[in-house]
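Here are some friendly notes to read alongside the model. Take the points one at a time, and keep the 3D view open as you go.

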Amino acid sequence: MVDLNYLSIDAAHDMLVSGKVTAEDLVKFHLDKIKKLNPKVRSVITIDEKSAIDKAKAVDTKISEGKQIGLLEGIPYTAKEMFMAKGTKTTAASKILEDFIAPYSATAIRKLDEAGAILIAKVNQDEFAHGGSTENSAYHPTHNPWDLDRVPGGSSGGSAAAVAADMGIFSLGTDTGGSIRQPAAFCGVTGFKPSYGAVSRYGVISMASSFDCIGPISRSAKDTEIVFDAISGLDPRDSTSVDYKLDKPKEQLKAIYYEVGNEVDSLINNQNFNHLEVASTKPIKELGVTEESLAAYYILVPSEISSNLERYDGVRYGARTQNSSNLNETYTKTRGEFFGPEVKRRNLLGAYTLSAGYYDAYYKKAMQLRTMIKNRVNEVLDEYDVILVPTTIEPAFKIGSKADPVEMYKTDVLTVFANLAGVPSISIPFGFDESSGLPLGLQIIGKQGDDKKILEIAKTIQDATDYHKKVGEIKL
Amino acid sequence: MSKISISDIEKVANLARIEISQDRLDSICLEFNSILEFVDTIENADTGGIIPTSQVTGINGVSREDKVTKSQVAPEDLLALAPETQDGYVKVRKVL
């Protein structure tokens, strides 16, 4: 019996081609993992069993006919509830979309479909991606596979937990302020937020359109690159998508590391990498953007949210209140009844910061601050090829321990500046918290369009370390 | 900046078209003020003369050839998503 646990895309592909496993058995193996582990982890919202098995059988037929298959063909994956996949329920983990069936597929899903990857399940998140712990899901919280009493992070917590628990080989997430990288760090997996616009946002539920990025969560930088290559590129259906000329890096690269006071600091200083020199180490304060980023982010993002979420009005799709007597009440009662607390909070905040009398003091000023943050990040990246900085200060926290919204917002302190600047950032597992033994993450951040460069560095670091190979044992 | 009151919250809720139940107003007001206190730190930044950033791609005005293309979704499939329809239209409650 071949071991199908924690396969990389490469290894699964080799097994399929050499006939060691069929695509059907590979898909069933991962569906069984969901059945066994999901009652504890609670990552999955909808399983697409029949369609997944049918697609796997088609791949098997192709292999048995001696035809070549692509790297992603027959590879089972999951996607966050933000992604529309035609005919599947797409809730954004909100009650307002509880019965919403996607009428078409997101470009990222369509591209993976065309590459032959098999969507086996849609996974949990914070409602409309508003949160950093997946506790804001309108359905149920997700649990961290390393410690079921802790959060998996968020908002793509369902994706990170699914990959960490081997429910699918990779997952698709969205990252507006850290929502791919922070849960990846908390769950000991690799999460990539590409350059803004590198992956089309078409067909993905919008949160804050000038920030939202789509990317893979997987178990290695190598798998991440395979998925990124498949989903990236210019899309006429997303006018903000960009055809970055993605360059391979030059031979020897120079990094600056910013210290935040956790275990990653000392691990970095004792490690040598091929082709990458950590030329300078400084306290995070000297980057000078983290606190400012958080404040600017929590003005700009709620503002964009309040405008983007106007579409959930009980008219064209989604839930509608039964208690309205006129159109205005349809709007107010539908949104009052079906939006969760954090979604309401952000909509109110955005309506406030955009309202007459406050626009200049909040929204405009935050946009100016965004310019300053972007310039500062680019200034550092003019001097160094990449910025290295931990993904979070602390490891995954206990479920229910951050009830104060501001405390929750602060968990994004090391990730949001990359979204404000639009630059790519990958979080890879790097060491463990001394007291809890939980995984910590390291971000590698490059200039806009440097996606291939930071993926290459992530691979280099993973060649020299084995943090990404460690898995959390789930107590059943 | 100034603290905001319950009547401010009611005004904003009206702007955002979200009904807030009376028993939640106090706690929302408290949370709102604590968030504002947190973001008010931007007051300290000297942003004089800085051009605001509203997007990061630098792309301006994307256009395509003015040619009719067929939608990938049939109108009736989109209509089927609406809570209420009649004769091929979305139906809503009376406006006034």
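**Notes on a predicted model**

1. Begin with a charged pair in chain A: Glu225(A) and Lys452(A) form a salt bridge, with 2.9 Å between the closest N and O atoms. Please keep in mind that this model is predicted.

2. Salt bridges with shared partners link Glu225(A), Asp229(A), Lys452(A), Glu456(A) and Lys459(A). Over all chains, the structure holds 34 salt bridges.

3. While you are looking at helix H15 of chain A, find Thr460(A), which lies in that helix. Thr460(A) counts as buried because its relative accessibility is 17%, and the cut-off for buried is under 20%. Which residues does Thr460(A) touch, leaving aside neighbours within four places in sequence? The contacts are with Phe273(A) and Asn274(A).

4. Now turn to another salt bridge in chain A, where Lys62(A) pairs with Glu73(A) and the closest N and O atoms are 2.7 Å apart. Lys62(A) is in helix H3 (residues 49-64), while Glu73(A) is in the loop between H3 and strand S2 (76-80), so this pair ties together parts of chain A that are 11 residues apart in sequence. The two partners are worth checking for accessibility: Lys62(A) is partly exposed at 28%, and Glu73(A) is buried at 12%.

5. The next pair brings in chain B: Glu84(B) forms a salt bridge with Arg320(A), and 2.9 Å separates the closest N and O atoms. This pair crosses between chains. On the chain B side, Glu84(B) is in the loop between helix H3 (75-79) and strand S1 (85-86); on the chain A side, Arg320(A) is in the loop between helix H9 (290-308) and helix H10 (327-338). Glu84(B) counts as partly exposed, with 27% relative accessibility, whereas Arg320(A) counts as buried, with 8%.

6. Stay with chain B and look at the whole chain. How many helices and strands does chain B have? There are three helices and two strands, in the order α-α-α-β-β from the N terminus. The radius of gyration of chain B is 23 Å, while a compact globule of 96 residues would have one near 12 Å. Buried residues account for 27% of the 96 residues in chain B.

7. Finally, visit some backbone details. In general, most residues other than glycine have a negative phi, and most peptide bonds are trans. Ala93(A) has a positive phi, near 55 degrees; Ala93(A) is in the loop between S2 and helix H4 (107-114) of chain A and is buried, with a relative accessible area of 0%. Arg17(B) also has a positive phi, about 55 degrees, and is partly exposed at 32%. Look for Arg17(B) in the loop between helix H1 (6-15) and helix H2 (25-39) of chain B. The bond between Gly154(A) and Ser155(A) is a cis peptide bond, with omega about 10 degrees, and Ser155(A) is in the loop between strand S3 (118-123) and helix H5 (157-164) of chain A.

Notes
Residues numbered from 1 in each chain as written. Chains lettered and ligands numbered in written order. Predicted model: local features only at pLDDT ≥ 70, side-chain atom pairs only at ≥ 80, totals over all residues. Heavy atoms only, no water. Helix = DSSP H or I, 4+ residues; strand = E, 2+ residues; numbered from the N terminus. Rg over C-alpha atoms; globule rule 2.2 N^0.38 Å. Buried < 20%, exposed > 50% of the residue type's maximum accessible area, 1.4 Å probe, protein only. Salt bridge = Lys/Arg side-chain N within 4 Å of Asp/Glu carboxyl O. Contact = heavy atoms within 4.5 Å.
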